[in-house]
Amino acid sequence: SHDNLILAFESSADETSASVVKNGHIILSNIVATQIASHQRFGGIVPEVASRHHLEWIDRVTQEALMQAHITDPETQLSAVAATFGPGLVGSLLIGLMAGKTFAMVHNLPFIGVNHLAGHISAANFVKATVYPAMAIMVSGGHTELVWMAKENVFQIIGTTLDDAAGEAFDKVGRILGLKYPAGKEMQEMAQKGHADIHFPIAHTEADFDFSFSGLKSAVLNYVHHEKQLDRTINKNDVAASFQKAVIEAIIEKVTLAIEKFQPQQLLLGGGVAANLALRCAVEDLAMKYQLVLTEAPIELSGDNAAMIGAAAFLAYKQKHFSGLDLNVDPSLNF
Ligand code: KG4
Ligand code: ZN
């Protein structure tokens with residue numbers, strides 16, 4: 001059998017990315033143009049600004065991705081073209097999806113629409129192939145999902161957040177502490193310097209595997225206000241450490257319940273928040289305790305990028321599961 005190269009696009013939020021992935025697990029190129037700086041002064045992503053950036057960058061990242069992978073004759077060298085079609089911002093998704101569909105049409109290649117969440121989960125494939133049944137912990141700025149995978153390319157959400165996503169909580173608490181958006185990485189660095197000795201309660205949601213982070217965010221806000229009223233200076237590092245500890249405890253609690261009920265063979269960790277070293281340690285300890293194989297998305301592939309979309313697309317490609325060129329974006333796509 002010969003190699004299968006897939007050209008993949010990702011543009012669901014604030015990264016414009018194109019990548020060429022070989023056989024679902026070897027990166028030949030992965031170009032990511034980030035627009036974070038343009039959104040920082042607004043404290044979050046401005047959809048209209050994001051769309052314009054994608055439009056401005058999509059050609060350049062595509063050319064660069066093809067060049068780095070030495071693709072000179074797409075029609076013979078590539079096996080398929082893939083693009084994220086949801087979930088995400090409608091105007092942002094449209095740019096990558098249109099680029100992908102157009103490229104596929106012009107070069108007479110099959111097209112594969114990819115779910116962004118499946119992409120984050122599939123970033124683990126760059127480390128090791130998955131053994132099924134598996135359970136994925138998908139934690140990002142927009143999502144917090146526990147995903148059950150009975151077999152390859154089958155995804156079922158068994159737990160989700162009832163309010164804020166884990167990354168969103170990091171960003172909102174970071175904002176309370178005066179940090180720039182997105183605050184996750186800086187929060188982690190502050191947490192490393194602080195003591196987790198402030199008690200922030202974690203929500204015990206009724207449904208077994210669901211999460212809730214908005215109460216935790218309010219608890220931090222109340223604490224900061226309270227200390228200010230008493231004219232006490234807060235130790236931001238301690239707040240970050242205590243908050244991070246609470247988030248991780250909440251995640252581990254629900255994942256533990258899910259492991260015991262579903263008995264997976266393997267555990268996967270992906271999404272922007274999967275870059276968090278303290279979370280990685282906690283999940284590693286849990287996997288050890290239950291003697292589960294754990295595959296974590298590489299830190300540099302935890303955030304949004306097109307390589308992970310190429311990895312997920314390969315799973316569909318193997319099943320000859322192609323999409324029509326009439327595929328539309330689906331901003332609230334689940335699985
Ligand atoms: O997956 P991603 O790049 O975009 C979405 O699909 O949402 O995730 C971005 C999120 C942001 O909320 C960011 O603050 C968070 O991931 N994040 C982190 C860390 N690095 C990024 N959160 C905690 N610790 C980190 N080291
Ligand atoms: Zn993402």
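A residue counts as buried if 20 or more other C-beta atoms lie within 10 Å of its own, and as exposed if 12 or fewer do. The model discussed here is predicted.

Me: Is G141 buried or exposed?
Reply: G141 lies in the loop between β6 and β7. Burial requires 20 or more other C-beta atoms within 10 Å. G141 has 25 other C-beta atoms within 10 Å, so G141 is buried.

Me: Which residues does G141 touch, not counting residues up to four places away in sequence?
Reply: The position in question belongs to the loop between β6 and β7. Not counting residues up to four places away in sequence, the residues that G141 touches are A165, G167, E168, D171, P182 and G272.

Me: Is S140 buried or exposed?
Reply: S140 is also placed in a loop, between β6 (134-139) and β7 (144-149). Leaving aside neighbours within four places in sequence, S140 is in contact with H120, A165, G167, G271, G272 and V273. Because 24 other C-beta atoms lie within 10 Å of it, S140 is buried.

Me: Which residues are the closest to ligand 1?
Reply: The shell around ligand 1 has 20 residues. They divide into six nonpolar, 10 polar and four charged. The closest are S140, G141, G167, G184 and G272.

Me: Which element gives the most to the shell around ligand 1?
Reply: Two elements give two or more residues to this shell, namely α6 (166-176) and α7 (184-193). With four residues, the element that gives the most is α6.

Me: Which residues does the UniProt annotation "binding site" cover?
Reply: The annotation comes from an unreviewed UniProt entry.

Me: Which elements do the buried residues of α7 pack against?
Reply: The buried residues of α7 are G184, M187, M190 and A191. Seen down the helix axis, they fall within an arc of 125°, so they line one face of the helix. They pack against α6, α9 (236-262) and α10 (277-289).

Me: What is the omega of the peptide bond from Y132 to P133?
Reply: Most peptide bonds are trans. A cis bond is found from G86 to P87, with omega near -10°, and P87 lies in the loop between β4 (80-86) and α4 (90-106). P133 lies in the loop between α5 (116-122) and β6. The peptide bond from Y132 to P133 is likewise cis, with omega near 0°.

Me: Is H70 buried or exposed?
Reply: H70 is in the loop between α2 (47-68) and α3 (74-77). H70 has a positive phi of about 60° although it is not a glycine. Since the limit for exposure is 12 or fewer other C-beta atoms within 10 Å, and H70 has 10, H70 is exposed.

Me: What is the phi of N23?
Reply: Most residues other than glycine have a negative phi. N23 lies in the loop between β2 (15-22) and β3 (26-34). With 18 other C-beta atoms within 10 Å, N23 is partly exposed. The phi of N23 is positive, near 50°.

Methods:
Residues are numbered from 1 along each chain as its sequence is written. Chains are lettered from A and ligands numbered from 1 in the order in which they are written. This is a predicted model: local features need pLDDT of at least 70, side-chain atom pairs count only at pLDDT 80 or more; totals for chains, interfaces and linings use all residues. A residue is near a molecule or strand if its C-beta atom, placed from the backbone, lies within 6 Å of it. Ala, Val, Leu, Ile, Met, Phe, Trp, Tyr, Cys and Pro count as nonpolar, Asp, Glu, Lys and Arg as charged, and the others, Gly among them, as polar. UniProt positions are given in the numbering used here, feature names are shortened, and annotations may be inferred rather than shown by experiment. Two residues are in contact if their C-beta atoms, placed from the backbone, lie within 7 Å. The arc is that of the directions from the helix axis to the C-beta atoms.
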